[in-house]
Number of protein chains: 2
Amino acid sequence: MAKEILINTRVTRQKVALRQAFEKVGRPLSPEEVWEVASKQVKGLGLATVYRNIKSLVEDNVIVPVELINEAPRYEIAGKGHHHHFRCNDCDKVFELEGCIHNVEKLVPRGYKVQVHHLVFYGSCKECNS
Amino acid sequence: MAKEILINTRVTRQKVALRQAFEKVGRPLSPEEVWEVASKQVKGLGLATVYRNIKSLVEDNVIVPVELINEAPRYEIAGKGHHHHFRCNDCDKVFELEGCIHNVEKLVPRGYKVQVHHLVFYGSCKECNS
DNA sequence: ATCTCTGCAAATGTTTTGCATCAGC
DNA sequence: GCTGATGCAAAACATTTGCAGAGAT
């Protein structure tokens, strides 16, 4: 059953500031990182509020968690279409890759229902490599 | 001698039990999960010991961390060859998938040197799905 | 006997929650 | 004015660390 009930949500300064922080910086940010950025706009912004709004923004699909291993969680603005990432082990930058592979889901046995998949490459980027 | 500094390590019941737990269960386990399994063999096993030994087993390349997004880490026995994972969003268990796709690396632009890649599927497993 | 490893408890770091108050609608 | 959202502090978790004593060699 999909939820049909409309839940009232309010547009608050802090939520706006957080969204803008993600948009402005343009790279995946940890909760504490957005907090620092958004705090410049909203004085006295509470960390708890950041966590609450991150959760809410993820549910609303405004931001998405980034698929990095064994690192503090990071989020980025959603709506960029299906894509994956390349992470440089030398300079620690994360790059977006376009497109995806056909038939990836063939790896999954019968009976398992796939909702999403994530693919990350780790290695050396163009600059660090040369 | 390759090793200049010889570090004494002892074969303890708890370390053996932990390794056997990973081998026996055969799917990625969180620290708490291994702890539950290994505790049956070693009564009174401390969680701190589990963490310490996980770290040591990772260094010895006996187990490897599994690539999950923004979650508590899980580990599995190393040396199984290249494979990927399926994570059930209902029961939170992680399963191993066999094989990989050809040409995955075609997604990566020229100039980038790939060392490894990780692919995870999220969805509903056979049991939760039926 | 030596010295590492263990279990416990306390410490740390991160995320969540309870509650009185503030502020969007 | 309702009532959801906020800020603060405390709570809840997950992981690490200090220490005295147990156990592997």
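In chain B, strands S3(B) and S4(B) run antiparallel and are joined by four bridges. Helices (H or I, at least four residues) and strands (E, at least two) are DSSP runs, numbered from the N terminus, and two strands pair if DSSP finds at least two bridges between them. One of the bridge partners to look for is B:Leu97 in S4(B), which pairs with B:His84. Five residues lie between the strands of this hairpin, and there B:Asp92 takes a positive phi near 65 degrees.

Before going on, a word on the source. This is a predicted model, where local features need pLDDT of at least 70, side-chain atom pairs count only at pLDDT 80 or more, and totals for chains, interfaces and linings use all residues. Residues are numbered from 1 along each chain as its sequence is written, chains are lettered from A and ligands numbered from 1 in the order in which they are written, and side-chain values use heavy atoms, with hydrogens and water left out.

Next, pairing between the chains. Strand S5 of chain A, residues 113-124, pairs with S5(B) in the antiparallel sense over 11 bridges. Within that pairing, B:Tyr122 of S5(B) stands opposite A:Val116.

How are the two chains related? Chain B superposes on chain A by a rotation of 176 degrees with 0.2 Å of shift along its axis, at an RMSD of 2.3 Å. That is the relation of a two-fold axis. Of the residues of chain B, B:Leu119 comes closest to the axis, its C-alpha being at 2.0 Å.

Now the interface. With contact meaning heavy atoms within 4.5 Å, 40 residues of chain B are in contact with 42 residues of chain A. The copies meet through the same surface, because 100% of the interface residues of chain B are also interface residues in chain A.

The area buried between the chains is about 3300 Å², and carbon and sulfur atoms give 65% of that. Buried area here is the accessible area (1.4 Å probe) that two parts lose on being put together, summed over both.

Which elements of chain B each supply at least two residues to the side that touches chain A? They are strand S3 (84-88), strand S4 (94-97), strand S5 (113-124) and helix H4 (126-129). S5(B) gives the most, with 12 residues.

Notes:
Copies are superposed by least squares on the C-alpha atoms of residues with pLDDT of at least 70 in both.
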